[in-house]
Amino acid sequence: MVFLFDGEHLVDATPDGRRFLAGGPKGLTDWQRFCALIVPRFPGFPERMERLPKDGSALLTEAGGEAQLTATWLDGVIRLTLQMPRFDEDAGLTDAQSLAALTAELATLRDVVEAMPTPAWQQDDKGGVAWANSAYLDIVRSRHDAGQIVWPLPVLFSQPKGEPGSPHRQVIDTGSGSGTGAGRDRWFDCVAVEAHGASLHFALPADATVRAETALRNFVQTLTKTFAELPIGLAVFNRRRELVLFNPAMSELFNLEPEFLTGRPTLLNVLDRLRETRMMPEPKNYRSWREQILRLERDASDGVYSDTWTLPGGQVYRVTGRPHPDGAVAFLFEDISTEMSMTRRFRGEIETGQAVIDSLPEAIVVFSSAGVLTLSNSAYAELWGEDPRLVMGTTDIAGATAKWQAQCLLTQSEAAADLSHRIRQREAWSCELIRRDGRRLDCFLKPVAGGCMMVEFRDATQADAADAHPVPRASTG
């Protein structure tokens, strides 16, 4: 095969030479395509071509083969003669049928390599790029103009470190050339393998992986900052019940050293430390302690563990266990000491207030702004025969007045109906009701804070009797 090159342009070639050149990478000049085919077989070809104008001629022998390449400098034109070994069946090389099969297989492999969407290239023993596929050349063209591409091609990726075949991630700048995708960084996972003494390299696109890892890292950082500011203690134990995640509140609530928590203690070790430092409820004995631990772990795995720990020091913690993926368990520790103290104080105030109104002789009932019975005393329950625990929050104005009307004389129906209307209107008013048992009741309506209405019933019969028979006072003279 004979070729005549004038710079980058093929002037002429034999038919076999043109077919040979057609197997080179697409999108390159004639000279670059010839170099892409020749350099892997004749490693010293680029250096000899640089000295060709001075030497006048050069003879190269195929590395590991029998082909020869002769180059001659003809006044600016390079004449190249490529002599391939004759396929002689008697010499043990191959026959025509086998040669056709090998040729077809070679064409298929070339098509596969050229169609690969990932860059692939071969480096010589000096680290230079001896061969590259179209994906690699596309990146080269995006970094350089077509006229600036020289052979050997520039090395885009650094040599992977570590064991052969292990991926090595790196980023390359596609440059500011005119090619597609110019002006942005791209990430690749590079892999190098040795095959028949050659160093083959592959770069797998990793942009999507890098974006996902960056998003995950930012998300984890956001969660970490959020957890660090939470006043609730967080502890996550993996499938082996080792502590893999905790926040600073965990250390502050239980006075645990960060060194202890970062040592990945087990759930049993953490709870044992809490028991030793009296930072969890004191068990009656070791057996009950073990049963408590087993119940805690089992219920947390089922997502139903919730308990209130009253510590010997007076603190009260709400503990919640929740299952996590892959068999992990998360515990939340919330200090509710202030909340419990306020609850106890409010409960005490409510009980005191209830005891005060229960001590009054007048029957008292209070309706909320929504017209619901929210408060009554024991005198009211005795007068109207209603258990305050049953009517509290379940009886409205209509239900209560109907109860009063049913126990009063029929002549008092109009007064009871008017009473219901005035309670809804939040008017201060008073009237007299006569029960079926003959007792007369003085009824008083008083608006109170929060849009509520208080209704007071006084026994007028006892009051009249007291006025008719006054109690004599002791003499002081």
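These legends accompany several close-up views of a predicted model. Local features need pLDDT of at least 70 and side-chain atom pairs count only at pLDDT 80 or more, while totals for chains, interfaces and linings use all residues. Residues are numbered from 1 along each chain as its sequence is written, and side-chain values use heavy atoms, with hydrogens and water left out.

View A. Look for Trp 31, Gln 32, Arg 33, Phe 34, Cys 35, Ala 36, Leu 37 and Ile 38. Buried means under 20% relative accessible area, exposed over 50% and partly exposed in between, with a 1.4 Å probe and protein chains only. Helices (H or I, at least four residues) and strands (E, at least two) are DSSP runs, numbered from the N terminus.

**View B. The aromatic pair of Phe 5 and Trp 31.** The structure holds 23 aromatic pairs. In this one, the rings are edge-to-face, 5.1 Å centre to centre with 80 degrees between the planes. The pair links distant parts of the chain, since Phe 5 lies in strand 1 (residues 2-6) and Trp 31 in helix 2, 26 residues apart. Phe 5 is buried at 1% relative accessible area, and Trp 31 is buried at 13%. Rings of Phe, Tyr and Trp (its six-membered ring) pair if their centres lie within 6.5 Å; planes under 30 degrees apart count as stacked, over 60 as edge-to-face and the rest as tilted.

**View C. Arginines over rings: Arg 435 and Arg 458.** The charged end of Arg 435 sits 5.3 Å from the ring centre of Trp 384, over that ring. Over the face of Phe 444 you will find Arg 458, 4.7 Å from the ring centre. A charge counts as over a ring if NZ of Lys or CZ of Arg is within 6 Å of the ring centre and within 35 degrees of the ring normal.
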